[in-house]
Amino acid sequence: MGEIHELTVLGLVGALRRGEVSAVEVAEHYLARIERLDGGLGAYLTVTPERALDDARRADRRRAAGGELPPLLGVPLPVKDLDPVPGVRYTAGSAVFADRIAAPEEATRLVGRLERAGTVLLGKTNTPEFGLPAYTESRIGPPARTPYDPALGAGGSSGGAAAAVAAGLAPAAQGSDGGGSIRIPAACCGLVGLKPSRGRVSPAPYGDVSGLATAGPLARTVRDAAALLDVMAGPAPGDPVPMTPPARPFLEWCERAPARLRIARWARPDVAGVSVEPEVLAAYEKTSALLAELGHEVVDADQPLRPGDRDAFTPVWAVLAGLVPVPPEREGELTPLTRWLRARGRVATGLDYARSLAAVQAVGRRLAAAVAPYDAVLTPTLARLPQPVGSLRDDADPAADFAAQIAFTPFTAPWNIAGLPAVSLPLGWTGTGLPIGMMLGAAHGAEGPLLALAAQLEAASPWADRRPRVW
């Protein structure tokens, strides 16, 4: 069977069901790796060994009892520390909430779905304060680093989740994405990172009133990502954008090669003055050629957004930052970027916010209209290679910090604005072994065809043998 952490999620499910390993053995293996390796990676803010072993013993007892089993029974998965798990430390990446324990009434539908699927909770993964930046650096824990070069950041805001999966400290992980926060870390850490369509994964009982953010999977393989999405997806009564369950499981889409597709591509950012690094462009061209070799029609398309189109995104993001209740006497403990965003959010009137939302929706419709004639769209995930820890963050000038993040990630946020699905795949690699993510997007609700195409690319250009030295 090999080392436990070398198994994919689906491989682990098979080994558990065949009795080759117990859930307790799996949990103990991962907990030992976390204790040994995480000090240099910053993947976890909180590790829950007692909870993990209790969950694992319960999974083993249920398997021994027989009967129908949950799909991921005994598989250990962490939860990003933006999602409360009752009875577990819940910091949201902020020193203000360093000692907070989530209450029973804070349980989310997403965490409940993971529990009902039989997963074992390893802990809470690292996230920057309130999940706001595209890097995972905060005042509450160490920075999250990509295992491929720990001098470089893991991206954000699901940086801890990505670092954990890439380093073999979890077989897969849940993340969330409001402007690229799953796909950015996936690109930095050589993983599959899928942002689902708006409404695919219920935010209940909470909700991002802008519709920008959604939960999704980070995994080493496309099939693992699909299996995790099958568990995470589902509506709740009252969801603002309810989606009916798919006609067949997302995992089944990975088993059928797509027919000839018409795929648009662009690599010009819509942000003035932002360019794409040559190694990223080289990976983009190589991926385009691979798609053509697979029989697809690859069409050059114009960047559908204009400079200035995303200006409305910033005030919406600022208002979202301001919605987090923080005691006034503790505002000074927040990071400078958070304080800067909250200050901007507080001065926005209701009319200002409504106008910004309307402008954001108009931009989203423009992107959706540009995507509609095609089966998929190819762009780079990021404009640059993974960046050194601390290089994007600028506590002395939060406005420059925010601008640096946009220059690093110009391709990701438009898919949140439009609410369309997008997946980052590790299809490019530098000569020194750093991952380069390529992003595929599609029309609303098209996660199934998108996963089928992603699985075809994985089969044609596999990345399973790409592992960091820490592995």
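**Figure 1. Helix 10 and the lining of the largest pocket.** In this predicted model, helix 10 contributes three residues to the lining of the largest pocket, which is the largest share of that lining. Helix 10 spans residues 313-322, and together with strand 4 (172-177) and strand 6 (214-219) it belongs to a group of elements that each supply at least two residues of this lining.

**Figure 2. The centre of the largest pocket.** The largest pocket has a volume of about 1,400 Å³, and 47 residues line it. Of these lining residues, Leu 82, Tyr 206, Gly 207, Asp 208 and Ala 213 are the ones that lie nearest the centre of the pocket. When the lining of the largest pocket is sorted by class, 26 of its residues are nonpolar, 13 are polar and eight are charged.

**Figure 3. The space and centre of the second largest pocket.** The second largest pocket holds about 280 Å³ of space. It is lined by 18 residues, and those closest to its centre are Asp 55, Arg 58, Glu 115, Gly 118 and Thr 119.

**Figure 4. The elements that line the second largest pocket.** Which element gives the most to the lining of the second largest pocket? It is helix 3, with five residues. Helix 3 covers residues 49-65, and at least two residues of the lining come from each of helix 3, strand 2 (76-80), helix 4 (109-116) and strand 3 (120-125). Sorted by class, the lining of the second largest pocket consists of ten nonpolar, two polar and six charged residues.

Terms used
Residues numbered from 1 in each chain as written. Predicted model: local features only at pLDDT ≥ 70, side-chain atom pairs only at ≥ 80, totals over all residues. Heavy atoms only, no water. 1 Å grid on protein atoms, 1.4 Å probe; cavity = no way out; pocket = protein on both sides within 12 Å on 5 of 7 lines; lining within 4 Å. Points joined across faces, edges and corners; volume = space filled by probe spheres on them. Helix = DSSP H or I, 4+ residues; strand = E, 2+ residues; numbered from the N terminus. Nonpolar A, V, L, I, M, F, W, Y, C, P; charged D, E, K, R; others polar.
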